[in-house]
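Here is a friendly walk through a model with the geometry spelled out as we go. Keep the viewer open and follow along.

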Amino acid sequence: MRPQMTPRGVRASDPALRGRLRADKAFMGGMLAISMIAVLPLVLILLFIIIRGASSINWQFLTELPKPMGEAGGGISNAIVGTVILIIVASVISMPLGILSGIFLSESGKSGLGRVTRLSVETLMGVPSIVIGIVAYVWVVRPMGHFSALSGGVALAMIMLPVITLSTEETLLLIPMSLREAALALGVSYPRTVLKVILPAGASGVITGALLGVARAAGETAPLLFTSFGSPYMVLDILKPMASLPQTIYFYATSPYPAWQTLAWGASFVLLVLVLVLNLLTKLVTSRWKTQF
Amino acid sequence: MEDSVLTAEETILETRDLTAGFDGKDVVHGVSLAVPKWKVTAIMGPSGCGKTTFMRCINRMHELAPNAQVSGEVLLDGQDVYHINPIELRRRIGMVFQRPNPFPTMSIYNNVVAGYTLNGARMDRTDRDQIVEETLRRTTLWDEVKDALYRRGSFLSGGQQQRLCIARALAMKPEILLLDEPTSALDPKSTAAIEELIVSLKGSVTIVQVTHNIPQAARISDYTAFIHLGELVEFGPTNKLFTVPKDKRTEEYLSGKFG
């Protein structure tokens, strides 16, 4: 028989030892109970959305446009496409900026400009998303004169930027000095060392940061209310107002019609699945492409 | 220090009154040393005596550290290295570090030619293949890895990784190879393989090796410099320095009184 780690089978003749074993069990039980309580809200949210949302998911829901009020059925295809386009626009803006500023922070974060940059990025991380929405409104919507997916993308990019920058910096700081020296000692120039040795070695962390940024931006509603605004049509032009999943949920869920509220549950379910898939993807990237030093 | 011991040899590298350190505090004090061409020169001394700092001045890696300072001259073929672009200089003077550091994202093959590819050099496949095979044969690694050339370098054992790092440096066809305690992180068997490799490279490349391993310096080097507290105490042919040291401190170090 294998020796047991827990003293379950031990006959404790000493009452003091018995008392300690009981305390041990009580502590373990307490921890288990508390962690269950912590997980409970998440499980309830998931259950609720799956029960209420999954029932409204069907092919029609995913591929059709919303029907006018009063007509049954209809889908949210425009919001799904809209969210994807918004994320692409936001990624195109935030990923190069975020990765480059992350490289800058990891390389010269202790310089004066480095400190200012880090402070700014950390502050941006804490700025409420509605404030970011207002900034995007003033920067993009007002000069253009109308709502657009572009302005929504700018707002989401500002939300993604600090996530990407800080995770890139953290990843690159973990890369051993010896690797950089190996390249420099071969006569490789500094920019090439950073771009071809340091960055690839930290690729998994950088990609993880980018995906986490996307996952965070995908669920943002507040900044989209007065930037991309929403649209009942299938819009592919980023200079026009565009629907998105969070904004669709907000719009339908606050409506007085039960049929629309059902659509909101369905859209919530789709958004949840999207965020879940992104999170699983980051786990996969981290475990598969992790560089062994 | 007498220069007469070197008159028979051609000097490839010379330091003149080299002083270096960090934060205004010098760890190398006025070292003047002439390294003979195509020989193995060991820089020996107790830990923390400044031998690694001295070596890193030669290929200008020292100045990469923040708050590093250096004065004096380092002459490569009579030319001051501080007037050569560090990128060009480091292609002429290769370096291998204490711990094996192959590029973890690259295959064994790509590690060997990394010096070329990372610099964006365009090469024919056949040229690359030739460099890889030639260099791996030279570093006695070919037979061990020829069937795994496209696997990552980090799968190799520590000793093989270190030989891969030597191959990576040799592939650039450097004039001088700097080895910074290349065996201090390795087991005895891998150490023996590296020592054998160093001896086999004599006559085709100049090797400067830092070590705190006295028997190793005795086994593989032609010339030995003993550095203590940042000063060059004694420099001469290894067999002379080990048998009839001129300085009392050398004698004490060799007999294990300190270090």
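H3 covers residues 77-108 of chain A and H4 covers residues 112-126 of chain A, and they pack at an angle of about 135° with axes 9 Å apart. Axes are lines fitted to C-alpha atoms, for helices over the stretch in contact, and the angles, taken between N-to-C directions, run from 0 to 180 degrees. Helices (H or I, at least four residues) and strands (E, at least two) are DSSP runs numbered from the N terminus.

Before going further, a word on provenance: this is a predicted model, in which local features need pLDDT of at least 70 and side-chain atom pairs count only at pLDDT 80 or more, while totals for chains, interfaces and linings use all residues. Residues are numbered from 1 along each chain as its sequence is written, and chains are lettered from A and ligands numbered from 1 in the order in which they are written.

Back to the helix pair. On the H3(A) side the meeting residues are Ser101(A), Phe104(A), Leu105(A) and Ser108(A), and on the H4(A) side they are Gly114(A), Thr117(A), Arg118(A) and Val121(A). Contact here requires C-beta atoms, placed from the backbone, to lie within 7 Å. By class, this contact of H3(A) with H4(A) has 3 nonpolar, 4 polar and 1 charged residues. The nonpolar class holds Ala, Val, Leu, Ile, Met, Phe, Trp, Tyr, Cys and Pro, the charged class Asp, Glu, Lys and Arg, and the polar class the others, Gly among them.

A second pair in chain A joins H1 (residues 15-54) and H12 (residues 258-288), which pack at about 125° with their axes 7 Å apart. That angle makes H1(A) oblique to H12(A), and H1(A) passes H12(A) in a left-handed crossing. From H1(A) come Ile49(A), Ile50(A), Arg52(A), Gly53(A) and Ala54(A), which meet Trp265(A), Gly266(A), Ser268(A), Phe269(A) and Leu272(A) of H12(A). The residues of this contact divide into 6 nonpolar, 3 polar and 1 charged.

Now zoom out to the whole of chain A, which has 12 helices and 0 strands. Its radius of gyration is 25 Å, well over the 19 Å that the globule rule gives for 293 residues, so chain A is more spread out than a compact globule. The radius is taken over C-alpha atoms, and the rule is 2.2 Å times the number of residues to the power 0.38. The C-alpha trace of chain A spans about 80 × 60 × 30 Å along its principal axes. Buried residues make up 38% of the 293 residues in chain A, where buried means 20 or more other C-beta atoms within 10 Å of the residue's own, exposed means 12 or fewer, and partly exposed lies in between, with C-beta atoms placed from the backbone.

How many residues does each chain bring to the contact between them? Chain A gives 19 and chain B gives 21. On the chain A side, helix H7 (177-185) and helix H8 (190-201) are the elements that give two or more residues, and H7(A) supplies the largest share, 7 residues. By class, this side has 11 nonpolar, 5 polar and 3 charged residues.

Chain B holds 11 helices and 10 strands. Its radius of gyration is 18 Å, close to the 18 Å from the globule rule for 259 residues, so chain B is as compact as a globular protein of that length. Its C-alpha trace spans about 55 × 40 × 35 Å along the principal axes, and buried residues make up 46% of the 259 residues.

Two loop residues of chain B deserve a look at their backbone. Most residues other than glycine have a negative phi. Asp23(B), however, has a positive phi of about 50°, and is found in the loop between strands E1 (11-22) and E2 (25-36) of chain B. Asp23(B) is exposed, with 9 other C-beta atoms within 10 Å. Asp77(B) also has a positive phi, near 50°, and lies in the loop between strands E4 (68-76) and E5 (79-80) of chain B. With 13 C-beta neighbours inside 10 Å, Asp77(B) counts as partly exposed.

Methods: Two residues are in contact if their C-beta atoms, placed from the backbone, lie within 7 Å. Angles under 35 degrees count as roughly parallel, over 145 as roughly antiparallel, 65 to 115 as roughly perpendicular and the rest as oblique. A crossing is left-handed if the near helix is turned anticlockwise from the far one by less than a right angle, and right-handed if clockwise.
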